[in-house]
Amino acid sequence: MKTSPSRTLFSSLLLSSLPLSLAQLAVPAELPGAWEYEGCYVDVPGRTINGASYADGADMTIEACLAFCTSKGFAYAGTEYSVECFCGSGLAATADKVADSVCNMPCSGDATQPCGAGSRLSIFHTTEVSGPQVNPGVNDYNYLGCYSEGTTGRALTYGAGGIPAAEMTVAKCTAACRAANYILAGVEFGGECYCGNTIANGGAIATSGCNMLCNGDSSEFCGGGNRLNVYNYQNQYDPAATSTATPAPSGGGANPAGPSQPETVGNYEWHGCRTEATGTRALSAATFASDEMTLEACQAFCSAYTYFGVEYARECFCGNTFNTGSVLAPATDCSMPCAGSPSQYCGAGNRLSVYAKDGTAPPLSTTTAADPTSTSPPPVVTGVPGGWTYQGCWIDGKQGRILPYQVTDSQTNSQAACANACAAAGYSISGTEYAVQCFCGKAIYNGGVKTAESDCSTSCPGAPSQKCGAGDRMSIVAKGTPDIYAPPAPQPSVGSWAYQGCAEDNINDKRTFFWQLFFPGVMTPKMCLDRCAQYGYHAAGLEYGEECYCGDPANMATHGATFRPETECNIVCAGNASAICGGLARLTTYFWTGPALYSWDFPQDSRAGEYRFLVDGVNIPLITQETITGKVSFISKGATGPGNETGAYELDLATLTFRTLHIKTDVFCAAGVTLPDKAGRQLNIGGWAGDATYGTRLYWPDGSPGVPGTHDWQENVNVLKLQAGRWYPSAMIMSNGSVMVIGGSIGSNDAATPSIEILPFTGQTPLYMDWLDRTHPNNLYPFLCVLPGGGIFVQYWNEARILDPVTFATIKTLPNAPGAVNDDKGGRTYPLEGAAVLLPQKYPYTANLGFLVCGGSTEGPGWAIDNCVSTYPEDANPKWEIERMPSFRVMSCMAPLPDGTYLIVNGALHGVAGFGLGVGPNLNALLYDPEKPLGKRITVAANTTIARMYHSEAITLLDGRVLISGSNPEDGVNPEEYRVEVFVPPYLLNGKPRPTFTIANKDWAWGQTNIPFTLGHAAQNGGGITATLLGAVSSTHGNSMGARTLIPKVTCTGGTSCTIDAPPNANICPPGWYQLFVLDGGVPAVGVYVRIGGDPGKLGNWPQGPDFTTPGI
């Protein structure tokens, strides 16, 4: 009944895809620093903000995200899907602002705050950042995005040349464009400004490359090589509109026709657009550069020479001849307006607008382009790191960047400088481009290919004898031969997974496949698909480059998801640049085509069993425990129900009546066992608070079916109590007959009690266990058992170990148990509550004992787990095997059945254990048959109509039915449940007759053989006579303390005369009381209790003192 912070509940609501109203969510009134809330925005392909990101399923808050983005030096922060945080320098141009009500998912770390929704970001902005940022807007111009230059001309066709390149800022560029009456302004290459009324000539949104600092303000970016930061005046431009024409400006002040190439400049005539020469300038006699460059200025400077040429808008070159390698290029290649005269063209990157004195003809040898396949001897590059060599000239950008990481541009760049910078950053390949650009990578991506050496014709500013690429050309230097990756595409198959297509996600804010995993920076399709297959999922989807989703093919129809055009899945996998990993709310989808990972039966007849109402209860039991008389103890917190109940009752199944019993201290969340003394007394230990946490209570059952007893619970904390206060402990009968008590908390929502103590008191103080202290509070109600080898097995949270039965020192640590597919720390013990049993031990008991635990949950979000895991702890190298369940289940219960199967019932679909912390009842029963192959053991059985959530129980009765009781979730949705049901297993519904038997000896010694019993009639169901021993159980919080299943040797002769052999020792069968069932062809008779191993701990004489009576030895 432990409570947890309210955020856990809301995280559970999140995972049920239940958006909250704005009345429940609010942005904090005060945000740290200068951060301000901007609104709710659509997350677009490539991300609306994509500078940095992280996810936190437990503690995401607005403040945490803002702190993260502040630490990274970004001006924008955004929270999404409750658990995700993104940062960036600006918002993507195509990201639309939507109503705040759309961002309606609560933060995983604070359920009162909005953290976006599916494909929706709660966006925040600050003016206080530690590094350069995209200017969000100035002069009524709003940031539109990073755009690539046009493919057939300038994206913005008017060059605003009145701003000196060294003084360029966003404010000056937007002011110049406004003065020229244009609605779009773009800054490029750190010092260039362009204007227009549309994005023309094939210019398009770019995902990277706008990374050059403004020459006049190093705190902001001014585009990059072939990249513009574009601004939109009063949002008048619609990004959805496209045009290849250059529209006239709306008013005067600009040349509406755009720049042109004059036929003559003075006595010089247009000669043509030319490339630079190979390894040197085309014209190398004289040069100067100016931010006020015009054709006339260059002509005057070169008046003594035959030719002049202007390049890159501001550079002037003179000469009498063209150096080798310079060739004519299309006139349209010379497309940059002159820095001092925007109405004229002054070349471009690696292109010169050339004029000849008096129309001098060019030499014939240079009038045609060189053979594109011809190559020059590779240059010798010195000063590079050891093992690095020149690898040639490569084409860049044809299908995307061939090297993904860009170093800050440098006016002293060289191949050696770039290679050393890349090596220092941990890369093995460097590429220089556009003279000043340096790129790094560990492979060449996007299908990069070599080209003619002459294509890399731009001299390095830091080493003029070297070439640093050219426009869309990289000079590559690498350590060894580079690996080359093909352009990204969906991988058609990965192992037994087959690609299906690009599927929709987030339909109505619900994930198509529920389980979400993150592989930041490293995801490949194989990583995602292997993980989904490991946990038994038949469908997987990859999204946003680094997100993985697991589910089943049927989920698509359930959520209305359809396949979309392949172009909508366009994001490259973070860890494999040749593979596609989804898009914006789009999943690169795969289905499993190998042997089925699971196969469940869905019978519609008696094989499903059935629920039946039994009786209206008088309390909501936290613990149920059948007595050796066949009656059932119902134990709960006293004085809480409508009848002011005492907290303890005994149900007589023969009359369906309750006898009132009494307890003195609060048993809320205590532990219980049935003692091996001859009376089969029930022991209850621990409790809620104060003296109750030390409480040690005993009940000696009496009476018989239909005949009320007279005994009551006995308790006196002055005579008998625990040494350490314990709330949520576990208890177990050890092989020597003593009672082991372990773990818990010191009281309500308090610190751990990380120790073990023994009853009766041996003189030893509680033994501290560091592993209990370390894993608190996720280790409460740990699962315990005595192993056949003598050790004590403990499973807690996601860990397990074997203890020495004398010293309790750890003698073996098992691998951690698998949790949820997206959380290795998903747990199985309270409050991440699953249910556990021991698998059957069969005569001759030579096989190792198996342990099975099903369901559970995860910290923080409370993702209920939909799998079972099993292990054999005494194997030389134990491992855990995973098996899918058909549905999510936390707070589940498991009951061993006489036929060697197990019933899984009760629980919630999401959340964790505690008041109000579970969401959605799981109404479905499952039957688990360990004799079937792994993956085929589960039968989907009958449904109940009664929600059985927190504080519900299930125990097997002597008549073979399972008693189902309890549930007080206190969630305001599901009722406090007093009704008691039974689940009738298939073996009682198949129409076969039930056997009967009588046995005189009900007190067996270990190893005793040929114990006689008599059948009421000979076997008649086929399959022969067998027997099953089920340990007496005290059931609470999914922990069936004392549960054990043994299949002993049975021999029948003469039709109705049979014998049974007792298990051989106390490690196979700890001393105590067991339900004995005799089965004919799998149908059990009504059972009886037998005691095995006597009372080696002499508990029958314990305790001595007032208020206690003892049965003796």
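The sulfur of Cys1069 sits 13 Å from the closest cysteine sulfur, in Cys785, too far for a bond; a disulfide here is a pair of cysteine sulfur atoms within 2.5 Å. Cys1069 is buried, at 0% relative accessibility, where buried means under 20% relative accessible area, exposed over 50% and partly exposed in between (1.4 Å probe, protein chains only).

Before we go on, a word on the ground rules: this is a predicted model, in which local features need pLDDT of at least 70 and side-chain atom pairs count only at pLDDT 80 or more, while totals for chains, interfaces and linings use all residues. Residues are numbered from 1 along each chain as its sequence is written, and side-chain values use heavy atoms, with hydrogens and water left out.

How many disulfides does a search of the whole structure find? The search finds 22. One of them joins Cys502 to Cys569, S to S 2.1 Å, and with 90 degrees about the S-S bond this link is right-handed. Cys502 lies in strand E35 (residues 497–504) and Cys569 in the loop between E39 and E40, so the pair ties together parts that are 67 residues apart in sequence; helices (H or I, at least four residues) and strands (E, at least two) are DSSP runs, numbered from the N terminus. Cys502 is buried at 0%, and Cys569 is buried at 6%. Cys893, in turn, is in no disulfide, and its nearest cysteine sulfur, that of Cys854, is 12 Å away.

Another disulfide pairs Cys418 with Cys438, their sulfur atoms 2.0 Å apart. The torsion about that S-S bond is about 85 degrees, so the disulfide is right-handed. Here helix H5 (residues 415–424) holds Cys418 and strand E30 holds Cys438, so parts 20 residues apart in sequence are tied together.

Now for the charged side chains. A salt bridge is a side-chain nitrogen of Lys or Arg within 4 Å of a carboxyl oxygen of Asp or Glu, and by this rule the count comes to 30. Among them, Glu568 pairs with Arg586, the closest N and O atoms being 2.6 Å apart. Glu568 lies in the loop between strand E39 (563–564) and strand E40 (572–573), and Arg586 in strand E42 (residues 586–592), so the bridge ties together parts 18 residues apart in sequence. Glu568 is partly exposed at 23%, whereas Arg586 counts as buried at 16%.

Lys932 and Asp601 also form a salt bridge, at 3.5 Å between the closest N and O atoms. This pair links distant parts of the chain, 331 residues apart.
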